[in-house]
Amino acid sequence: MVENLLSLAIWTPIVAGLLVIATGGDKNANTARLLALAGAALGFLVTLPLYTQFDTLHGGMQFEEKFAWIASLNINYHLGVDGISMLFVILNSFTTFLVVLAGWQVIEKRVAQYMAAFLVMSGLINGAFAALDAVLFYVFFEAMLIPMYLIIGVWGGPRRVYASIKFFLYTLLGSLLMLVAFIYLYFQAGYSFEILKYHTLPLPLTAQILIFIAFFMSFAVKVPMWPVHTWLPDAHVEAPTGGSMVLAAITLKIGAYGFLRFVLPIVPDASRELAWLMVALSLVAVVYIGLVALVQTDMKKLVAYSSISHMGFVTLGLFLFAGNELNPWAIEGAIVQMVSHGFVSAAMFMCIGVMYDRLHTRNIADYGGVVNRMPIFAAFFLLFAMANSGLPATSGFVGEFMVIMGALQVNFWAAFAAATTLIFGAAYTLWMYKRVVFGDVANSHVAEMEDVNKREFLILAILAVMVLGMGLYPEMFVKVMHVSVNDLIAHVAQSKL
Amino acid sequence: MEMKSLYLLIALAPLLGSALAGLFGWAIGRRAAHVATIAGVMVSAIGSAYTLNYLLNGGEPFNGNIYTWLTVNGIEYSVGFLVDNLTAMMMVVVTSVSLMVHIYTIGYMSEDPGYQRFFSYISLFTFSMLMLVMSNNFVQLFFGWEAVGLVSYLLIGFWFKKPTAIFANLKAFLVNRVGDFGFALGIGMVLYHFGGSLNYTDVFAAAPALKDATIELIPGSTWSLMTVTCILLFIGAMGKSAQFPLHVWLPDSMEGPTPISALIHAATMVTAGIFMVSRMSPLFELSDTALSVVLVAGSITALFMGFLGIVQNDIKRVVAYSTLSQLGYMTVALGVSAYNVAVFHLMTHAFFKALLFLAAGSVIIGMHHDQDMRNMGGLRKYMPITWITSLIGSLALIGTPFFAGFYSKDSIIEAVHASNLAGSGFAYFAVVAGVFITAFYSFRLYFLVFHGEERWMKVQHDDHHHDAHDDHDHHHGLGPNDKPHESPWVVTLPLVLLAIPSVFVGYIAIEPMLYGDFFKGIIYIDHEAHPAMATMAEHFHGAAAMTAHALQTLPFWLALAGVVTAWFFYMKAPQIPAAIKRMSGPIYTLLENKYYLDDIYFALFAKGSRLLGMGFWKVGDQALIDGLLVNGSAKLVGLFSRVTRKLQSGFIYSYATAMIIGVLGLMTLWLSGVIAR
């Protein structure tokens, strides 16, 4: 058994990214690509033992590593994963591999920098998922934004400046408040930044509510929850395909992960008090955003809104309390939905990217009859559209179904509102699919489209296997999270007042 | 062979065929694609027949899991099979009709460029439908439920260049999703209130104790748990089995190729709702309210959809409305707790309606894809096999004694007659009046197509585009010198094979299925509360006696009257229908516009939700959140910085003034006691 698996998961892609940068200018672009692919593949492979060697019988943190970092302030390089965060480390490394492939020929300028940005970001994101020290988490959490800013800012679309400023405005306030919360907790916990110590720290309700608000400001923007979601469609529209894939598949998950790792266990009483608000905002996201997605004319915006709506299921599932207890269907459903959304949204953005590379437009109206020219692509796109609509046997079904089942056990009308996604989700996804893919060849540009190449086929096929695999055998993902989820439910049920 | 392996083979063989034809169709070619899929379905059909025979001869029903799909809260949710008599009967119906349709497709789709794709889809459908009927739990049922919906979507939109086809398939999927919305919530109710398991056996065992359980959905008003659960589940059935008001997708589904109209939109998929409610009889029996809802929905569908069949001129649409009406009959039977009668009619209907659809398809081939009955006539001379088999199918449909439909439909009417459930009075009127209507539109079709004047000789072919040959579906109509011709044997053989059960299956099956042990322990009926089946059993003295007795019953004479009226109107005095059409102005317009339901739904739901979405987007997201909050706070920061910039003017006197004002202000507050001294 290899020690330091988590450090490997973090630093392998970062080191690989630095090596890629070292290849220099675009004359070595091919070397950069190959090196990046090797780094991403290695980065993914080192995360696999996290799953295979994971102890599903015992709770708590596994693969822990702890060294003093800034001893004077008692800040530690402390890593560890439970059955929840482990999945996201793997998902993130998996997505990075696909993203490197997705940018293979598409990115022609500053290739090394592009690939390096993704690799470094991948390592930093793994760090955020694995960190058990608040400062370490905060550093990773903030640092991972830098590559994303660069990706949108350098390789993005025409309105990239507006998009990144909007994103900046949104995140700044929240992050600062989170830091304030950490500092407060540091003193309360007797000069410690240990996240696990915060979990057991008794806190009065007022303090809990203030901490809740501080965390909420930070994580709700990331998820994003209504009404702090409007940065996401803009960011997606401007980001290159790979950026959108990571943004949707991974970055959004960090917000939801924050609620799981920080909000629920650190301030359980405040979570209970404010659960109604979280549930209400989540349901607004599901219904309101679902309807907004319906009227989008830009494919990327549509899928971005669809992401917000699907993330609404995650936050809904996380805050369904029956009395003191969180509902296991809902919590596990939310986590399943997070993983599934990682596959499905990445696939949807990939599909849009494939079409964009050919026609250089994301407007639904510029397409029509794509299936006539790209039958293989159309088949993949249909599978992912169906997964996005929550069709059983795809991963998209499992999470939604579980959260609806859980919601019904807490409040029938919450389940009722959530279940409307069966209708709206199918409506916005398949209506777009109809206008883009079906019909006769709409114009001379569509007539010139060529079907997917081998590289695109490979990416779509890998994602298809995941989407179907998770839909047909979700147990594979769920069995590793049971103990951690049960611990969380038991922990949150205890008052900390 | 172990039965579990056999059942796995039955389910998976069509999936394998589908994968071969779908993924490798481009490599293996057309012939191999149909050989592979037909072989797969043949394996399933033989296996299903073997299974039914095995069970009828005392074999043990099977109820077991294949693998654990999900574990939550310590409870396992598995993929598994329940194979009892009900399942086995469904398996035989599904696989045998599917096999016929597969063979038929060789002829019907022979010129279509999507040949392999079509075979792949229909085999995938067979797999999905088998997973649905063979399931032993609610999750897998829902999987099959939505999977058949997916394949239906793919097949309605098979000719994806046709705007009407891709409108119809989206509509079908979304209307079905409305049903599934209810169905999913129904499953949620079962999961939450029936002990945490979703296995049929466990749920049905828990049900009786919950008969009088109530829940408070709205604070202060209590509802019967069983009623709410059953109605939610039934909403799913309304979508899939096209019951009013969720029926609107089925007529439009005729945009798909005819073989799938026969397989999916007549014989099998649309009966999934009927099958589901029958399977859930231990639940539905516990709520009279839910049964009344079922009964009324079915009655409305049976009668009012029949009316629409009268005014259609498209041959497929007549059969489609007939299907709607017949599904209504089955639902009525469910409502009066005559589940076995519903399933019995499901079976007989599967054979004769598949036959009628495939015969209509044969006519359409003969007419070179002209579907308008006004352009047909006299085809019996040119298409003898299609003619005879159509006649058999029509006779079965209208309930002619000794034909299959007679036993099932008459039993439904008698069951409604014997019921005392709220709504059964209206239902009885609906199903009896429906007999006349059914006979009328069926023989209207029959006479218009096969008898009378050969109108196709006179049709003007202004809209005839021979240049659009690759638009396989758009060129239609016979050329000036063409004559209709009988279809090839691959088309006519399935017609003949389906005609056989359309005649005999009712006579053979009525006794075991309705009054024997066939459904013993599977379908549960509370005979005290719902005595319809028990009353009928008292009056049943064998199929032969029932046939003989038919001549003394109202339905027989109504059916005859329908046939005679159709003959008189369309053979003898064709000016009468035209005159009626003129005189009945608004009613005719209402029928022709399908009661305006399509228009109302489109305006209300399709346009309404887009309007709402546009409002949320423009007002909520753009004006309020972005305009006011985001850009507003950006402006606020800007404003603040402008103000503070002015403060830092660098002029001593402005600093001094500010200081003096501040000190004065603080002193005032101090003196007035606002700040503690």
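Predicted model: local features only at pLDDT ≥ 70, side-chain atom pairs only at ≥ 80, totals over all residues.
Which are the buried residues of helix 24 of chain A? They are His482(A), Val483(A), Ser484(A), Val485(A), Leu488(A), Ile489(A), Val492(A) and Ala493(A).

**Helix 24 and Arg272(A)**

- Helix 24 of chain A runs over residues 482-493 and has 12 residues, and the distance from its first C-alpha to its last is 16 Å, which is close to the 16 Å expected at 1.5 Å a residue.
- Arg272(A) belongs to another helix of chain A, helix 13, which covers residues 268-294.
- Because its relative accessible area is 17%, which is under the 20% cut-off, Arg272(A) counts as buried.
- A polar atom of the Arg272(A) side chain lies 2.8 Å from the backbone oxygen of Val492(A), and Val492(A) is one of the buried residues of helix 24.
- Leaving aside residues up to four places away in sequence, Arg272(A) touches Phe321(A), Gly323(A), Asn324(A), Val492(A), Ala493(A), Gln494(A) and Ser495(A).

- Thr71(B) is found in strand 1 of chain B, which spans residues 62-72.
- Thr71(B) is classed as buried because its relative accessibility is 12%.
- When residues up to four places away in sequence are not counted, Thr71(B) touches Glu332(A), Glu475(A), Val478(A) and His482(A) in chain A, together with Glu76(B) in chain B.
- Among these partners is His482(A), which is also listed with the buried residues of helix 24.

**The interface of chain A and chain B**

- In all, 60 residues of chain A are in contact with 51 residues of chain B.
- The area buried between the two chains is about 5200 Å², and carbon and sulfur atoms give 76% of it.
- On the side of chain A, the residues that lose the most area to chain B are Val295(A), Trp329(A) and Leu422(A), which together account for 11% of what that side buries.
- Sorted by class, the side of chain A that touches chain B has 43 nonpolar, 11 polar and six charged residues.

**An exposed loop residue**

- Leu57(A) lies in the loop of chain A between helix 3 (48-52) and strand 1 (62-70).
- With a relative accessible area of 69%, Leu57(A) is exposed.
- Leu57(A) and His310(A) are separated by 253 residues in sequence and by 31 Å in space, C-alpha to C-alpha.

Notes
Residues numbered from 1 in each chain as written. Chains lettered and ligands numbered in written order. Heavy atoms only, no water. Contact = heavy atoms within 4.5 Å. Buried area = accessible area lost by both parts, 1.4 Å probe. Nonpolar A, V, L, I, M, F, W, Y, C, P; charged D, E, K, R; others polar. Helix = DSSP H or I, 4+ residues; strand = E, 2+ residues; numbered from the N terminus. Expected span 1.5 Å × (residues − 1). Buried < 20%, exposed > 50% of the residue type's maximum accessible area, 1.4 Å probe, protein only. Polar contact = N/O pair within 3.5 Å; in protein donor to acceptor, adjacent residues only side chain to side chain.
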